[in-house]
Amino acid sequence: MGKSTINETTMMMEAEISELERDIIKEILNIGLARAADSFAAIAKDRVLLKVPDIKLIEVKELLNLVSKYEDTHVIIQSDIKGDFNGATLMLFSDDHIVRLSEVCLALLDVQKGELSVMQESLLLEISNIITGALVTQMANILKANIYGSPPKAPKGHIADSLKDILVQHPLFQPLVFTVITQFTHNSRSVELPLLLFFDSKTFIRIIEIIRTFDLGKNNFRNID
């Protein structure tokens, strides 16, 4: 499959998604993120806000370029989504994020930037686990799918290696990428944490097919727990 064919597939998929279907996908994600925010607030000890500002289809190379921009400046925590759906989340923590989270969540003082302590890495893994877990649970409930999040990990090598289950074994898929901004406040000071959520094209098609079975006049997915 050449690049032109991939681009044609992307355009075809985008053309087939109605504005209502995009809104439904965003709402489903927002429901999951709202639950995640409540859990995150318990360890952040303050108000947590999460939102889904963007949905787009991009090529694998573009996705890798996007992530590689963060590799030298951020700690990347990855959680894979498995079962009926194939995807992953990446949470991106800068040195400033880590210092702030360490102060707020671990009550550490005079946190130094640099190599992570065991306690700090555990905190980042737990934050990713909370957010991905809540998101996946709500998607499973709403879409009636058997999906689960794998334990989060902090990839040590190139990000393509850590994403090989999605990118290498399925090199021609078109990932659907959701960019999410996780924001929490503490003493009126806000911290934003970027999150990338992506699925392969087969998963995306399945999600759209499930959404198209909804009777929106009777099935109000906002009320699903």
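Student: Which residues have the most contacts inside the largest nonpolar core?

Tutor: They are Ile 25, Phe 85, Phe 93, Leu 101, Ile 131, Met 139 and Leu 143, in a core of 51 residues. Helix 5 gives the most to this core, with 11 residues. The model is a predicted one, in which local features need pLDDT of at least 70 and side-chain atom pairs count only at pLDDT 80 or more, while totals for chains, interfaces and linings use all residues. Residues are numbered from 1 along each chain as its sequence is written, and side-chain values use heavy atoms, with hydrogens and water left out.

Student: What makes a set of residues a nonpolar core?

Tutor: The members must be buried Ala, Val, Leu, Ile, Met, Phe, Trp, Tyr or Cys residues, joined through side-chain atoms within 4.5 Å. In soluble globular proteins, nonpolar side chains tend to be buried together.

Student: Why is Phe 85 called buried?

Tutor: Buried means under 20% relative accessible area, exposed means over 50%, and partly exposed is in between (with a 1.4 Å probe, protein chains only). Phe 85 has 2% relative accessibility, so Phe 85 counts as buried. Phe 199, with a relative accessible area of 0%, is therefore buried as well.

Student: Why is the pair of Phe 85 and Phe 199 called edge-to-face?

Tutor: Rings of Phe, Tyr and Trp (its six-membered ring) pair if their centres lie within 6.5 Å, and planes under 30 degrees apart count as stacked, over 60 as edge-to-face and the rest as tilted. Phe 85 and Phe 199 are 6.3 Å apart centre to centre, with 75° between the planes, and the pair is edge-to-face. A search of the whole structure finds 1 aromatic pair.

Student: What does this pair tie together?

Tutor: Phe 85 lies in the loop between strand 2 (74–83) and strand 3 (87–94), and Phe 199 lies in strand 6 (residues 189–199), so the pair ties together parts that are 114 residues apart in sequence. Helices (H or I, at least four residues) and strands (E, at least two) are DSSP runs, numbered from the N terminus. The protein chain has 8 helices and 6 strands.

Student: How do you know that helix 4 is mostly covered?

Tutor: Helix 4 (residues 95–105) has 11 residues, and 8 of them are buried, including His 97, Ile 98 and Leu 101. His 97 has a relative accessible area of 12%, so His 97 is buried. Leaving aside neighbours within four places in sequence, His 97 is in contact (heavy atoms within 4.5 Å) with His 74, Leu 92, Val 191, Glu 192, Leu 193 and Pro 194.

Student: How does the reach of helix 2 compare with the span expected?

Tutor: The expected span of a helix is 1.5 Å times one less than its number of residues. Helix 2 (residues 19–44) has 26 residues and reaches 35 Å from its first C-alpha to its last, which is close to the 38 Å expected. Helix 2 is followed by Lys 45, whose phi is positive, near 60°.

Student: Is Lys 144 buried or exposed?

Tutor: Lys 144 has 69% relative accessibility and therefore counts as exposed. Lys 144 is found in the loop between helix 5 (118–143) and strand 4 (147–149). Phi of Lys 144 is near 55°, a positive value in a residue other than glycine.
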